[in-house]
Amino acid sequence: MTKRNLAIATVALLIANFMGGLDATIVNTALPAIMSDLNGIRLVGWVSSAFLLGTAVTTVLWGRVAEIFGNKHIFQFSVALFILSSILGGLATNMVMLIIARALMGIGAGGMVSIPFIIYADIYPNPAQRARALGWVTAFYTLSTVVGPLIGGWLVDALSWHWVFFINLPIGIVSMLLLQVTYREAPVEVPTDYFDYLGAGLLSVALVILLFASDGLAVSWIRSLSLLIVGLIVLGGFLLVEKRRENALIPLDLLKNPRVQVQNIMMFLINGFMIGYSVYAPMWAQGLLGKSATLGGLTQIASSILLLIGTRLTAKLMAKMAYKRIVMFGTISIVISAMAMSFATKSAPYWWLIVSGAFEGLGMGLSFTPMQVSLQDGVRKDLVSVSTTFGLLFRTLGQTFMASIFGAVLSLSTASQTTGDITTAMINRLSDANTAKGLPQRLLPAMRTILFNGLHTIMLIGLGLVIISFVLNLMRKEPLKQPR
């Protein structure tokens with residue numbers, strides 16, 4: 001592969017990564033408007049959860065399918081699915097239609113996000129070069145999260161929230177075309193019985209049931225507990241099947257590596273807090289402080305900039321410092337961010353959200369790259385692909401389950417406090433600064449107290465997650481680099 005083609009192919013993958021980051025920040029910025037327009041406070045958690053569920057269920061599956069049909073073709077297929085379902089989301093007229101579209105977008109994103117990391121491991125075999133490439137991945141993602149709130153806020157204020165989905169069409173097409181003309185991969189012959197259909201089915205069913213269990217907290221704890229038990233039983237069946245299969249979807253050799261898996265648990269936890277901040281900080285700014293959608297989205301700017309700085313700094317530190325120590329500094333920064341949000345009062349100034357986001361972004365930048373590289377270099381060569389996608393699965397699961405749980409927490413908190421003159425529909429309208437203008441002024445303080453109580457509970461849960469992650473990092477041993 002020539003240097004020119006390598007550069008262009010990398011840019012093609014980075015554009016897809018940019019689109020994924022843009023989608024996250026734009027949709028989060030538009031959530032208050034969506035919730036107000038479609039009267040969806042009960043289902044607002046599912047706008048994120050459906051997307052993340054689709055991603056989580058298919059992340060490992062995309063990696064295995066790509067081993068059969070080729071990384072390039074499966075990547076392009078996943079991008080095509082993502083942009084087509086984005087159009088469906090933009091045309092949504094109710095919450096159910098939007099949630100279905102987001103689930104399909106998530107399925108596409110599962111391949112669009114995971115397969116590039118497999119390709120990077122192939123075209124950048126040197127860890128130092130790969131770390132720099134991953135730095136560019138974060139740079140493009142950060143750029144998208146910087147411009148995303150600006151674009152998203154402008155689209156919501158000037159046009160409508162529907163346009164935050166339509167913007168994915170031209171970006172996705174450019175990514176597919178650039179990769180088509182530059183990247184060539186050697187054909188790989190794989191046995192026809194290679195794909196673990198039974199394992200894939202059991203894993204998908206288990207994850208779906210467990211997600212419904214987390215969402216069920218908003219309706220009935222008995223139903224939620226029942227679904228949790230059923231989900232764990234199905235997950236146990238999945239592990240039994242994998243133990244007996246030669247070509248397992250997730251080889252047990254990988255699961256038996258505690259030095260690798262503890263990092264996956266840490267990724268689950270810190271990404272759980274990250275989704276809480278990225279979804280609810282804009283709502284905090286609009287619903288509690290009365291800021292516009294644009295300013296709500298700008299709560300993510302400091303996080304994005306410090307994420308870039310943290311990642312670029314990490315690429316240099318990895319040559320001089322133990323990965324575990326870098327991650328320690330990262331988790332400390334995330335703990336500070338979570339503490340800031342947990343201790344914030346209802347009248348906390350707008351800049352307080354910005355500062356919290358800055359610590360969150362810096363911590364994520366310092367934590368992600370060292371753990372991602374060690375997830376690949378700490379396993380045998382034949383496990384690099386599945387270890388990569390399995391790590392991404394845990395990151396996505398952290399966001400998926402916590403987005404659902406956070407949504408249930410907000411719904412329960414709101415429902416338990418809305419009495420008399422204040423209704424759930426009014427809290428829906430409060431979350432969007434534009435529709436909040438039409439609410440009775442005398443009731444605004446009480447409504448903001450109701451919303452604050454729900455958001456404060458979410459941030460306290462997030463603080464607990466990142467403290468556990470910090471403790472795990474102190475106790476763990478680093479993966480041993482495997483020979484190639």
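Residues are numbered from 1 along each chain as its sequence is written. Because the model is predicted, local features need pLDDT of at least 70 and side-chain atom pairs count only at pLDDT 80 or more, whereas totals for chains, interfaces and linings use all residues; side-chain values use heavy atoms, with hydrogens and water left out.

The protein contains 19 helices and zero strands, both assigned as DSSP runs (helices H or I, at least four residues; strands E, at least two) and numbered from the N terminus. Of its 484 residues, 58% are buried, where buried denotes under 20% relative accessible area, exposed over 50% and partly exposed in between (1.4 Å probe, protein chains only). The accessible surface of the protein is about 18900 Å², and carbon and sulfur atoms account for 70% of this area; areas were computed by the Shrake-Rupley method with a 1.4 Å probe, and for residues only the protein chains shown count as cover. Among contacts (heavy atoms within 4.5 Å) between residues at least 6 apart in sequence, 84% join residues at least 24 apart.

A nonpolar core is taken as a set of buried Ala, Val, Leu, Ile, Met, Phe, Trp, Tyr and Cys residues joined through side-chain atoms within 4.5 Å. The largest such core has 131 residues, and those with the most contacts inside it are Trp161, Tyr280, Trp284, Met447 and Leu455. Helix α11 (residues 258-288) gives the most to this core, with 16 residues. A second, separate core has five residues, including Leu317, Ile326, Leu366 and Val373.

Two packed helices are described by the angle between their axes and the distance between the axes. Axes are lines fitted to C-alpha atoms, for helices over the stretch in contact, and angles run from 0 to 180 degrees between N-to-C directions. Helix α11 packs against helix α14 (residues 323-343) at about 35°, with the axes 11 Å apart. The crossing of α11 and α14 is left-handed, a term for the near helix being turned anticlockwise from the far one by less than a right angle, with right-handed used if clockwise. On the α11 side, the contact is made by Met266, Ile270, Phe273, Tyr277 and Trp284; on the α14 side, by Val327, Thr331, Ile334, Ser337, Ala338 and Met341. By class, nine of the residues in the contact of α11 with α14 are nonpolar, two are polar and none is charged. In this classification, Ala, Val, Leu, Ile, Met, Phe, Trp, Tyr, Cys and Pro count as nonpolar, Asp, Glu, Lys and Arg as charged, and the others, Gly among them, as polar.

For helices α16 (residues 384-417) and α19 (residues 444-475), the packing angle is about 145° and the axes are 9 Å apart. The crossing of α16 and α19 is right-handed. Residues of α16 in this contact include Phe406, Leu410 and Gln417, and those of α19 include Ile450, Leu455 and Ile461. The contact of α16 with α19 has ten nonpolar, eight polar and no charged residues.

Alanine 446 lies in α19 and is partly exposed, with a relative accessible area of 35%. Its C-alpha atom is separated by 9.8 Å from that of glutamine 417, 29 residues apart along the chain. Alanine 322, in the loop between α13 (301-317) and α14, is partly exposed at 41% relative accessibility. Serine 333 is in helix α14 and is buried, with a relative accessible area of 5%. Not counting residues up to four places away in sequence, serine 333 touches Phe359, Glu360, Leu362 and Gly363.
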